[in-house]
Amino acid sequence: MSQPEMQPGGPARGEDLTGRPFPLGDWGEPAERLHELYRWVETGALRTADWYLADRVWKRRGARVLRAGTALGAVLGATLPLLDLTGALEGAAGWGYLSLLLAAACLACDRYFGLTSGWMRDVATAQAVHRRLQTLQFDWASENVREVLGPTEGTAGEAAERCLGILRRFTEDVTELVRAETADWMVEFRSGPAPLMTQFFNGPGARQEQQGGERQQNGRFPLPPATRPNMPRQRPPEPR
């Protein structure tokens, strides 16, 4: 098992995080086979990190524009009314209120589209993948040195199994990073305006309409909560 190069050409930018077919080969040459698997795992990790770094570009640009608009609108909204109050610039108070509205709109757009938070998540995920990739490279180098100096413990099969375990744990770690980032995105999306629309359509008005439909179907009004229904009275049996 020879130590492979760091980046064999690098992954293509702009690709989606789709799965890749597992490389199939002949285990007649275990060293070459393990080398191929390492290159496959390393290329996949670089491809994942590259995808997040490419995805953060447009988010970073949009977030900077919206944050600059928020700061500029807030400054103008605080300055223009003071200029109007001191008489330095008459009629500037109205423009100050408009600037505050613009600042609020920029802040709302940033929160609505999740540009700043998405940018930060992309950077954090890419850095985490790179950190784990560095750990994998040092672990793999350690296994190579152990093989060159001579196996001190176990057989060649156990050494190959250790190498496969290193690659498998690293692949699982990268998959968990992607899953955690996706889960954070889903939580942020659910906390946005979409749940508000769901609550609106499932609000008190919708519940009243549903109760009205039940009344029409059953022919009587539903009972209030914690109320037991009254059984119909029966006539006592007549004496014989």
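1. The secondary structure of this protein comes to six helices and zero strands, and from the N terminus on the elements accordingly read α-α-α-α-α-α. Please keep in mind throughout that the model is a predicted one.

2. Of the 240 residues in the protein, buried residues make up 26%. The protein exposes about 17400 Å², and carbon and sulfur atoms supply 60% of that area. As for how the chain meets itself, among contacts between residues at least 6 apart in sequence, 73% join residues at least 24 apart.

3. The largest nonpolar core has 19 residues, and those that touch the most other members are L133, L136, W140, L167 and F170. Helices α1 (30-86), α3 (115-149) and α4 (156-190) are the elements that give two or more residues to this core. Looking at F170 in particular, and leaving aside residues up to four places away in sequence, one finds that F170 touches V41, A45, R132, L133 and L136. There is also a second, separate core of five residues, among them A63, L66, L115 and W119.

4. Helix α2 (residues 92-113) holds S99, and L101 has its place in helix α2 as well. S99 counts as buried because its relative accessibility is 11%, which is under the 20% cut-off, whereas L101, at 57% relative accessibility, counts as exposed because that value is over 50%.

5. Side chains of opposite charge can pair when their charged atoms come close. The count of salt bridges comes to seven. In one of them K59 pairs with D55, with the closest N and O atoms 2.9 Å apart; because these two residues are four apart in helix α1, about one helical turn separates them. Both K59 and D55 are buried, and a network of salt bridges links D55, K59 and D122.

6. Another salt bridge joins E143 and R162, whose closest N and O atoms are 3.6 Å apart. This pair links distant parts of the chain, with E143 in helix α3 and R162 in helix α4, 19 residues apart. E143 is buried, with a relative accessible area of 9%, but R162, at 26%, counts as partly exposed.

7. E176 and R179 also meet in a salt bridge, at 2.7 Å from N to O, and they are three residues apart in helix α4, so about one helical turn lies between them. E176, at 42% relative accessibility, counts as partly exposed, and so does R179, at 47%.

Key: Residues numbered from 1 in each chain as written. Predicted model: local features only at pLDDT ≥ 70, side-chain atom pairs only at ≥ 80, totals over all residues. Heavy atoms only, no water. Buried < 20%, exposed > 50% of the residue type's maximum accessible area, 1.4 Å probe, protein only. Contact = heavy atoms within 4.5 Å. Areas by Shrake-Rupley, 256 points an atom, 1.4 Å probe, with all protein chains shown as cover. Core = buried A, V, L, I, M, F, W, Y, C linked by side-chain atoms within 4.5 Å. Salt bridge = Lys/Arg side-chain N within 4 Å of Asp/Glu carboxyl O.
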